[in-house]
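Dear colleague,

I am handing over the structure we spoke of, and my notes on it follow below. Please read them with the coordinates open.

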Amino acid sequence: MCGIVGIVGKQDVNLGLYDALTMLQHRGQDAAGIMTCNNGKFAQQKAVGLVKDVFRTRHMQRLVGNMGIGHVRYPTAGSTGPALAQPFYVNSPYGIALAHNGNLTNTRQLSEDLFRADLRHVNTDSDSEVLLNVFAHELQLQGKLKPEPEDIFKAVEGVHKRVRGGYAVVGMIASYGVMAFRDPHGIRPLVFGYRDTDRGREYMIASESVALDVLGYKLMRDVAPGEAIFITSDGDLHTRQCAEAPECSPCIFEHVYFARPDSIMDGVSVYKARLRQGEKLADKILRERPDHDIDVVIPIPDSSRVAGQAMAHVLGVKFREGLVKNRYIGRTFIMPGQTLRRKSVRQKLNVIDLEFRDKNVMLVDDSIVRGTTCQQIIMMAREAGARKVYFASAAPAVKYPNVYGIDMPSAAELIAHGRTEQEVCEAIGADWLVYQDLHDLVAASGEGNSEIKKFDCAVFDGSYVTGDVDAAYLDDLETARGERVKAGRERLLAQSDNAMVGINNDD
């Protein structure tokens, strides 16, 4: 899961890109990058770290130009380091930069085809670089000295025919403009909008509408599944449907966890969707335990707060903030490594004892993935004096790997995989566990836009909307992930050993 942005303005867009990436920081905390274009020349800054740490004044001074793209990266297990920071760049044809959110499911075949048939070199194991080279090859096939919008759209058509998986893309072609496109299922989110200035109209593309809001852009609409847009360097907007049979099947986990509540995706208010999640969860509690003894509902900050408020209101019990979050600790779900996640929980959250002592507490979280966080929080609640600790998940049980850009590809890591609800309850140490029903979760999002007939719910029901994911693919993915994890641990150990050598040398 990553955040992407592209801007075509009437003056330098570097500060706008920086501000937009800051608003999208929740989508990725591993690395950040910006690339701009001025008079046909690209300027770039990217590195591992948060947006505020990657960019300094000296970087912004050279990131000039009226168009540019940016990226914040969310790491997959073992896949970290500056070489994987985006945007990526190829010099042929024209000079193309690209940033990508999502995950391709046929990367191996594409890499082979790029090498043997397209005669293109891929320098990393990133599927984003593969995607860039596929697009570059398809654009080169148009054979134009100067690409027109029609050529861009033809290239995207070629990408859709070759590429499988979930992807939302922003790219930039030196001297010509910024383009963006979305996979034919619309799995990963992408929106665009405009603002009018005294110099003319400016356009912006982003993963979430909140980035447009903060910079004063008016949301036009989502980029449709399979659609491509191209904004020339002069500010002319062109759009085209480039897929043969597009179907809107957005990832419902965006509404559960990843997206900011003040964003709108595919016409659905994330805030309203989470309110409805809480209401439906409360309805289930009242059906199953009409005589419940819940004294207080306490959310696990931040993404479960909205659902928790709605749930407490329907149940008619108190809603209290019993857990205080350290804002300077990253989101534990996207931390690379289970040990780091465990260490981060107590650093990230502190208990207000008064809200727990001698009470039957209902903790609410957006979901339960590995179970590490909720297990420790339940333990913290008991240490704070809670009489009973119940746990509610605003999402159904996460039982299956995600293959479209969220780092949970190994079923063995998912606490609900192969376990009953009662077994999960015992594993996390709760007195009672209640999961959202899948049909209620779908209804909570679907009520926001009746035109969406299907959501990608693969992590809950194992049904992959692209139709190309089977057991063999998942086995290969798990094996590859295990190798990356092992390599990542070895790098961390090596870094630790080197650090100790340095300390000893200093002594």
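Asp 266 sits in the loop between β14 (264–265) and β15 (268–269), where strands are DSSP runs of E with at least two residues and helices are runs of H or I with at least four, both numbered from the N terminus. Its phi is near 50 degrees, a positive value in a residue other than glycine, and at 9% relative accessibility Asp 266 counts as buried (buried is under 20% relative accessible area, exposed is over 50%, and partly exposed is in between, with a 1.4 Å probe and protein chains only).

Before going further, please keep in mind that this is a predicted model, in which local features need pLDDT of at least 70 and side-chain atom pairs count only at pLDDT 80 or more, while totals for chains, interfaces and linings use all residues. Residues are numbered from 1 along each chain as its sequence is written, and side-chain values use heavy atoms, with hydrogens and water left out.

Tyr 94, in the loop between β5 and β6 (96–104), also is not a glycine and has a positive phi, of about 70 degrees; Tyr 94 is partly exposed, with a relative accessible area of 22%.

One runs from Gln 86 to Pro 87, with omega near 10 degrees, and Pro 87 is placed in the loop between β4 (67–73) and β5 (88–90). Another runs from Pro 301 to Asp 302, with omega near 5 degrees, and Asp 302 belongs to the loop between β16 (296–299) and α10 (305–315).

Lys 10 lies in the loop between β1 (3–8) and α1 (14–23) and, at 29% relative accessibility, counts as partly exposed. Leaving aside residues up to four places away in sequence, Lys 10 touches Arg 199, Gly 200, Arg 201, Glu 202, Asp 234 and Gly 235, a contact being heavy atoms within 4.5 Å. A polar atom of the Lys 10 side chain lies 2.8 Å from the backbone oxygen of Asp 234. Thr 197 is 187 residues from Lys 10 in sequence, yet their C-alpha atoms are 8.5 Å apart in space.

As for the whole chain, it has 16 helices and 22 strands. Its radius of gyration, taken over C-alpha atoms, is 23 Å, close to the 23 Å that the globule rule gives for 507 residues, so the chain is as compact as a globular protein of that length; the rule is 2.2 Å times the number of residues to the power 0.38. Of the 507 residues, 58% count as buried.

Definitions and conventions. Polar contact = N/O pair within 3.5 Å; in protein donor to acceptor, adjacent residues only side chain to side chain.
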